[in-house]
Amino acid sequence: MLRAQRFPDILRSVLSDGVEGVVLMSAEGSILSSVSLDETVSAETAVAAVTSCIFANYQQGMFAFK
């Protein structure tokens, strides 16, 4: 069982060396958690657009190797 309330704390540890935001997605494309630096302003629509593009590329790559 996953503890979703711990995801933001774990993902914040990745924010360094130019990484301004992190999104954790399921294999089906659902966003489980996302975090960004406090000074970084990201709208929900921007996060949705980026994750949609990432997941579309992931699906294309996944089907290419079957």
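Me: How are Arg 12 and Asp 9 separated in helix 1?

Reply: Arg 12 and Asp 9 are 3 residues apart in helix 1, so about one helical turn separates them; helices (H or I, at least four residues) and strands (E, at least two) are DSSP runs, numbered from the N terminus. This is a predicted model, in which local features need pLDDT of at least 70 and side-chain atom pairs count only at pLDDT 80 or more, while totals for chains, interfaces and linings use all residues. Residues are numbered from 1 along each chain as its sequence is written, and side-chain values use heavy atoms, with hydrogens and water left out.

Me: What makes the contact of Arg 12 and Asp 9 a salt bridge?

Reply: A salt bridge requires a side-chain nitrogen of Lys or Arg within 4 Å of a carboxyl oxygen of Asp or Glu, and because the N to O distance between Arg 12 and Asp 9 is 3.4 Å, their side chains meet that rule. The structure holds 1 salt bridge.

Me: Why is Asp 9 called exposed, and why does Arg 12 count as partly exposed?

Reply: Buried means under 20% relative accessible area, exposed over 50%, and partly exposed in between (1.4 Å probe, protein chains only). Asp 9 has 52% and is therefore exposed, whereas Arg 12, at 47%, counts as partly exposed.

Me: How do you know that Phe 55 and Tyr 58 form a tilted pair?

Reply: Rings of Phe, Tyr and Trp (its six-membered ring) pair if their centres lie within 6.5 Å, and planes under 30 degrees apart count as stacked, over 60 as edge-to-face and the rest as tilted. By this rule the count comes to 1 aromatic pair. Phe 55 and Tyr 58 are 5.9 Å apart from centre to centre, with 35 degrees between the planes, and the pair is therefore tilted. Both residues lie in helix 2 (residues 44-64), 3 residues apart, which is about one turn of the helix. Phe 55 counts as buried because its relative accessibility is 15%, while Tyr 58, at 41%, counts as partly exposed.

Me: What makes strand 1 and strand 2 a pair?

Reply: Two strands pair if DSSP finds at least two bridges between them, and because 5 bridges join strand 1 (residues 21-25) to strand 2 (residues 31-36), these antiparallel strands pair. Met 25 stands opposite Ile 31 in strand 2. Their hairpin has 5 residues between the strands, and there Gly 29 takes a positive phi near 100 degrees.

Me: Why does Asp 17 count as exposed?

Reply: Asp 17 counts as exposed because its relative accessibility is 81%. Asp 17 is placed in the loop between helix 1 (7-12) and strand 1, and although it is not a glycine, it has a positive phi of about 50 degrees.
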